[in-house]
Amino acid sequence: MTTPALLPLSGRRIPTLSPGASSFTHHRATLRLSEKFILLLILSAFITLCFGAFFFLPDNSKHKRFDLGLEDVLIPHIDSPKEGKHSSGQVIIHGQGGHDENRHREEEESLRNKIRADHERALQEAKEKLRKSRKELKAEIQTEKAKVIEDLKKKEAGPKPLPPVPMPKVVGVSDGEPPEVDAKEKRDKIREMMKHAWDSYRQYGWGHNELKPLAKKGHSTNIFGNSQLGATIVDALDTLYIMGLHEEFKDGQEWIEQNLDFSVNAEVSVFEVNIRFIGGLLAAYYLSGQEVFKVKAVQLAEKLIPAFNTPTGIPWAMVNLKSGVGRNWGWASAGSSILAEFGTLHMEFVHLTYLTGNPVYYQKVMHIRKLLAKMDRPNGLYPNYLNPRTGRWGQHHTSLGGLGDSFYEYLLKAWLMSDKTDTEARKTYDDAIEAIERHLIRKSNGGLTFIGEWKNGHLERKMGHLACFAGGMFALGADGSPDDKAGHYLQLGAEIAHTCHESYDRTVLKLGPEAFKFDSGLEAVAVRQNEKYYILRPEVIETYWYMWRFTHDPKYRQWGWEAAQAIDKYCRVSGGFSGVKDVYSSNPTYDDVQQSFFLAETLKIQMPWQTSSRLLWGY
């Protein structure tokens, strides 16, 4: 296959110093300032600084106003007015008496001294400028002009092209027609469902992150900030390609080439844009060989790197794509980062280093692994929260569902992706699963194997839909498990698949709830109303798929087909597919969201002939 010519990193104009400028020559013209004017500017700055120092220095008469300014400095992200939690986990309580007043006075004095020092330094710099001769000032101006010109030349030249690297062999992309007529008919039905989802998005939500299929308009959530980055387009590309929907794939590629721009003032989830955008773009690149996908993936990765600028190197949960400023979710255990988020970057970042030759991506994720290896783990378990400032665990809550799930998945797949040479990843996975099996996995009174959640030494007998992926993970990790336990883990995977199937089978719609309990005589059933919804998730079907691949037991194919039929019957609407709010109701209401992962994962897994997963490029 001929490698396509490298595309420029962006098809957009380079930002310039002058808003109205349209050429490099114009820039040079605007920089021809007279030395007299420069001297006048310096003198004006000196006078402004002298007078400004008196106005901006705080005094006791402005004490109340000063308190507000101090709070802005010390508490940039407050979770709630009542608690006043600092993002680092420090709790600041106001109005607590003499101790707080003394502390406030000390902080005021410290800040006042800092302001004085800053103004004195600025005044000194201005004085030094005024002492310089005309010749010295002229030389400085010429140096600055030369620097600006050099920077502009570099921008005009564009970034260095990415080095050519061998394309890994991608297996199972087009295995031809399935031999069974029944399988072909089912495959065609899944493709038709994908076409309906894509065409509806194309008609009603094109360019938006997701679709509201009932309202027939675009949709987005806070994980994408206020940006419209076409998440569904990027996320669905590999599914379109695998299904042979090449015209639709081409439409998506053209939108990406012309519209996908990461230079936006938007605060996004590092984890979500990594798995949906970088993962989606890299998968599309490996499948199609189109260079634009690799280039866009690298562009976005560069925007995520500032999220790692923390005292520990554990990245923030969110980062502003324009400013590079990061922060964590306000609800996450006193400003902690989340295990499933910072632990689900490894594979994409390793591929980025492979494709670019830049070691920084690999170094960032390996640093996370090394830091975790040094830490004590309660009962051998990895808590879901880690503070990126202190390097200490947050709340001791461990789960194989939300907040923890994909950390373990990525350890196993990192080992597979390395052709089983990354033994450190495999050992970390094995040790973690051993502790999970000892503390989290139990059998119900009715004989159902489930994975509970460990909270401060107590097992909560509840399993989430997200945790149902673990059945497939156990099967995938059976080969290579220590102490000849391959048969044990394959059996464990089968038991989890059976439990998750029961969670589907015990509902009216034959679709599984978000979470289900195993206590008070109830088994594999949701209790709370806010746990009865289904949002087009793939995890249960994913486990069926793995179990079918490893055992070829036809029941797993049948279970997957039953889930597909239920989705088509109860989630399909004229404008796409929607989640439902209550799987136990015969007349459910819709949530009016077509999730991007429905096209990227749920429908892809449903293809009976599909033999490769996005996250197993090298497997």
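Biologist: In this predicted model, which helices each supply at least two residues of the lining of the largest cavity?

Modeller: The lining includes Val 365, Ile 368, Arg 369 and Leu 372, and also Phe 407, Tyr 410, Leu 411 and Ala 414. The helix at 360–374 is α13, and the helix at 405–417 is α14. The elements that each give at least two lining residues are therefore α13 and α14.

Biologist: Which domains each provide at least three residues of that lining?

Modeller: Phe 342, Gly 343, Leu 345 and His 346 are among the lining residues, and domain 2 covers 264–398. Tyr 410 and Leu 411 also line the cavity, and domain 3 covers 401–588. At least three residues come from each of domain 2 and domain 3.

Biologist: How much space lies in the largest cavity?

Modeller: A search of the whole structure finds 6 cavities of 30 Å³ or more. The space in the largest cavity is about 130 Å³.

Biologist: What percentage of the residues in the chain is buried?

Modeller: The chain has 619 residues, and its secondary structure comprises 20 helices and 17 strands. A residue is called buried when its relative accessible area is under 20%. The buried share of the chain is 52%.

Key: Residues numbered from 1 in each chain as written. Predicted model: local features only at pLDDT ≥ 70, side-chain atom pairs only at ≥ 80, totals over all residues. Heavy atoms only, no water. 1 Å grid on protein atoms, 1.4 Å probe; cavity = no way out; pocket = protein on both sides within 12 Å on 5 of 7 lines; lining within 4 Å. Points joined across faces, edges and corners; volume = space filled by probe spheres on them. Helix = DSSP H or I, 4+ residues; strand = E, 2+ residues; numbered from the N terminus. Domains from an automatic or database assignment. Buried < 20%, exposed > 50% of the residue type's maximum accessible area, 1.4 Å probe, protein only.
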